[in-house]
Amino acid sequence: MTIDTSEGGFEGNIEQYLLESGYESLCFDKPSLASLRSSGIDKKMLWRFLEATQEKELNHLRRKYSIINADDKILERILNEVDRKGLLDVLRHGVRDRGVHLKLMYNKPETELNRTLVENHEKNIFAVSRQVYYTHESKNSLDMVLFVNGFPLIVMELKNQLTNQSVFDGMKQFRETRSPKELMFQFNKRALVYFSVDTDEVYMTTELKAEHTKFLPFNLGNQGGKGNPTCEDNYRTYYLWENVLQQDSLLDIIFKFIYIKKDDIKDSNGELLYQRKTLIFPRYHQLDVVRRIEEDVRKVSVGQNYLIQHSAGSGKTNSISWLAHRLSKMHTQDNKAIFDSVIVITDRRVLDKQLQDAVYQLEHKAGTVERIDKDSTQLAQAIQSSTRIVITTLQKFPYVLDKLARLSNKQYAIVIDEAHSSQGGKSSKAMSQVLSNMSLEEAYEQDRLIEENLTDVEEMIVEDIVKSGKQTNVSYFAFTATPKPKTLERFGRKNSEGHFVPFHLYSMRQAIEEGFILDVLQNYTTYKTYYNIISESDEKVLKSEATKKIGRFVSLHPHNISQKVEVIVEHFKERTQHKLNGHAKAMLVTSSRLHAVRYKLAMDEYIKKRSYRNMETLVAFSGKIEDGSEDSYTESKMNGFSENELPNKFHSPDFQVLIVAEKYQTGFDEPLLQTMYVDKPLSGVKAVQTLSRLNRTCPGKSDTFILDFVNETDEIQKAFQPYYEATALESETDPNLLYELKDVIDQSEIVTFDELDKLAKIVMSAELESSAKGQGKLNSVIDEGVERFGQLDNENQDIVRDAMIKYLRTYGFLLQIIDFADIELHKMYLYVNYLIRKLPKKTKDTFTLPDDVALKYYKIKESSSGAIGLEKNGFEYVQGVGNGVSSVVEEEKVNFSDVIDKLNERFGTEFKPEDKLFMDQITSRMNSDEMFVMKARNNSFDNFVLGVEKQSQNILIDKYETNSKFVDKYLTDGEFKEFVLTYMLKDVYEKVHS
């Protein structure tokens, strides 16, 4: 028998499954088809539903009309309300007519206590119709339409690759042959969603806009990437009709997911132009994560942890909104709320409004969501009064945990949106302190140390939870794109192989392949720095510290900044500015706040000197920078407006480049950001978060560009790889590590058993809280340990201090994830927790560069350009807490001159005095040549170099006898040639433009 491979066969199989699962078959005769074309609904089905579910209300309304054609008036009222409020609102909340409330659809009730609601839900009418001729205007038909209670809610175009058509032909059909003016296709009037489906993929849209219609993938994902996996004995796209479009699933989507997103569109002055409305239908992974979490909560109840690893571009704002609402509505079978409150921890302002708007549409009542925008009193009242959904910030998170610990008789869900830390930078006052009259080198060092000691957002969350103790009445739902080891171990689930993995995954790779974000590594260019240092000093120094200091001296040299400014500005003018119809923007990531200030001043000066238009800069940094005896700078002073205005100002057409120092490197979404210039070391999660500022999509944005002055491509590849697909923790923290750390502390002989017992009694008897006398006793005990610590040599002090720090972190962390009890370990924890606060601060030999250190020459040049490829490896494993304590290795001191020689050998280009004289002679000749002067005057530097390269080579050849070795090297060594040519022509160009 021949297999039916036609499109009709594909349609028939889908229809058959729907019919077997409870749908009716709907065929239109001429009168009903004419009615469908004029009203856009199946009137017979609507009346069947109303008669079956609300006969009493319907008859009461008919009597109120007191006319023969009352049904026509009732139907007219229903359709008028659809036109006025939108179909979604009417389906959810029904229609009121002359004091009578008619419902047009019944969702499945949370419990079966109300039998009338259960029975009415079972009387919803679902129907499937094939080849629906929806219009008088043409003979066009729709492959398949799904009706609910007479309303055509789902429209599908079905294609079959076996007949040489695909999902893309279906999308083309929607764009080209389905007019948005037709009643069936008007926004939020009849159909709510349009699916283009073939045997392999599904795409969907909620609004037809002819050629401007935008379709989104609605696929499961396939081995970490786009598409759908194979399915035994079935189509890859089976899930659409077998799961998503089943009756209760479709009702659930209509009542608990779909909502109208409203965006205020403003002009450059902030004046409202219009309000844009978008009907939001969940993408598959959003639908899946919410439903899976709900299913798991019902199965295992409260007190569990959920790690959701969703990439940038996954729509986390919507996912969090839907999840928070879903959790707040969950009830047991006896109608008791599972969670008394759902607390959302976020610094995302957009989430506040979106969550409130979405929940209001779903609930149709105010007060369900409360944002904590005042103080802890407001937060306490919201928690105690069991407000359904509470939104608060990361800064208030410790208070939330403390409050919940005192309300153990209630149950809470905490949804953590930690990926978006504040746009204002880390939550640390240190980054806002005054930076006063420092050299660039000192400023870099201070900001680097502050940044290194700032606690990462993820770590702050985990540490706050650890401090609060284990709370069985709280469930955590943590969203992140880049889970760290502690996050995986605290919130992840252990799989069959013993690895901690996310509960749900939507990978970076899938987001890129589906087009929701851009691959920021596709166009990555690195620059290499060449320099030569001179100094007469020959003091003994620590090699590593001297190397770092010289490196910073070079990177912070004014000549370095001026050269990089030229590269950045010229690159932006030639490669970036014209993109996105002239609206493309760039970000410069700098190493310190003083760097940001100097870059801003140098870039503005260069732009002004070149008379460039449409290139205005902004700067973002915390605190106050004092640079010189009189000059002081703040972000708002340099920009000319307040810090809060910066995101909107940068989005406007008035500004093109944003120079940042720590701020705006995470949690900043500017779709027009197309290029990034990096002058700061980046690694690990920081690299991923910073470079990912470019990945947001917008119309016309097809690529991004990164120009990196500091980092190597293999370092960036190493940073991104763990988060490309799925991240897992290779092994859990070993509880026995505590015993090893305790042994290190014991062997130092700074702690005695007697003191451990004494301190434990003081702490456990609550003397510290009740009286100052208790604090005196505490100090008397730990001061003995401080004295003994001071008698250790520096090396052993470092070993013991590191062991204590690791002991405190590991002990608190392990208490959260495993059950174990050891009294001696706890006594040590209590003692060390107080002892370490009184130990003398760790000191380090400091080294200052000699005054005569100078930069002999400096050059930057492009070293690599292209894509950084990431591997498709499935799970990438990250390492957890390490084992033991490392010994401290005393670094040997070397001569400062040896350090300089090594660096010059690595980064330099060897020149003899006669070579320098020879180049000066060539440059002098170029400066007196009218052709060189004219081309320098009328071209950018890069074009000038291209235009005179041949003539420059001719001049060198003419002088061959003067320095034959130099010319031979020029002609045979491409790198040497580029350096020499740039060196000489730069002199010509700058003299012409001076």
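Begin by selecting T576, which is placed in helix 21 (residues 558–576), where helices (H or I, at least four residues) and strands (E, at least two) are DSSP runs numbered from the N terminus. With a relative accessible area of 1%, T576 is buried; buried means under 20% relative accessible area, exposed over 50% and partly exposed in between, with a 1.4 Å probe and protein chains only. If you leave aside its neighbours within four places in sequence, T576 is in contact with H571, A584, K585, Q674, T675 and Y677, contact meaning heavy atoms within 4.5 Å.

Before going further, note that this is a predicted model, in which local features need pLDDT of at least 70 and side-chain atom pairs count only at pLDDT 80 or more, while totals for chains, interfaces and linings use all residues. Residues are numbered from 1 along each chain as its sequence is written, and side-chain values use heavy atoms, with hydrogens and water left out.

Now zoom out to the whole protein, which has 39 helices and 34 strands. Of its 994 residues, 53% are buried, and among contacts between residues at least 6 apart in sequence, 75% join residues at least 24 apart.

Next, select H310, which is found in strand 12 (residues 305–310) and is buried, its relative accessible area being 0%. Not counting residues up to four places away in sequence, H310 touches H285, V289, K316, S319, T480, A481, H504, L505 and Y506.

Which residues touch the most other members of the largest nonpolar core? Select F195, F218, L327 and F477, for these are the ones that do so among its 113 residues; a nonpolar core is a set of buried Ala, Val, Leu, Ile, Met, Phe, Trp, Tyr and Cys residues joined through side-chain atoms within 4.5 Å. A second, separate core has 39 residues, including V520, F641, V688 and L694. In soluble globular proteins, nonpolar side chains tend to be buried together. Returning to F195 and setting aside its neighbours within four places in sequence, you will find it in contact with I154, V155, M156, E157, F174, V202, Y203, M204, F218, L240, L245 and F281.

Select helix 26 (residues 684–691) and helix 27 (residues 713–720), whose axes come within 8 Å and cross at roughly 95 degrees; axes are lines fitted to C-alpha atoms, for helices over the stretch in contact, and angles run from 0 to 180 degrees between N-to-C directions. The two helices are therefore roughly perpendicular to each other, given that angles of 65 to 115 degrees count as roughly perpendicular, under 35 as roughly parallel, over 145 as roughly antiparallel and the rest as oblique.

For another pair, select helix 3 (residues 43–53) and helix 5 (residues 70–85), which pack at an angle of about 100 degrees with their axes 12 Å apart. Helix 3 is thus roughly perpendicular to helix 5. K43, L46, W47 and L50 on helix 3 meet D71, I74, L75 and I78 on helix 5, and by class this contact has six nonpolar, no polar and two charged residues.

The remaining stops are in loops. Select N164, in the loop between strand 6 (151–158) and helix 8 (167–177), where phi is near 65 degrees, a positive value in a residue other than glycine. Most residues other than glycine have a negative phi. Is N164 buried or exposed? At 72% relative accessibility, N164 counts as exposed.

A210 lies in the loop between strand 8 (202–205) and strand 9 (216–217); its phi, near 55 degrees, is again positive in a residue other than glycine, and at 22% relative accessibility A210 counts as partly exposed.

Finish at Q791, in the loop between helix 31 (772–790) and helix 32 (794–817), which counts as exposed at 66% relative accessibility.

Note on methods. Nonpolar A, V, L, I, M, F, W, Y, C, P; charged D, E, K, R; others polar.
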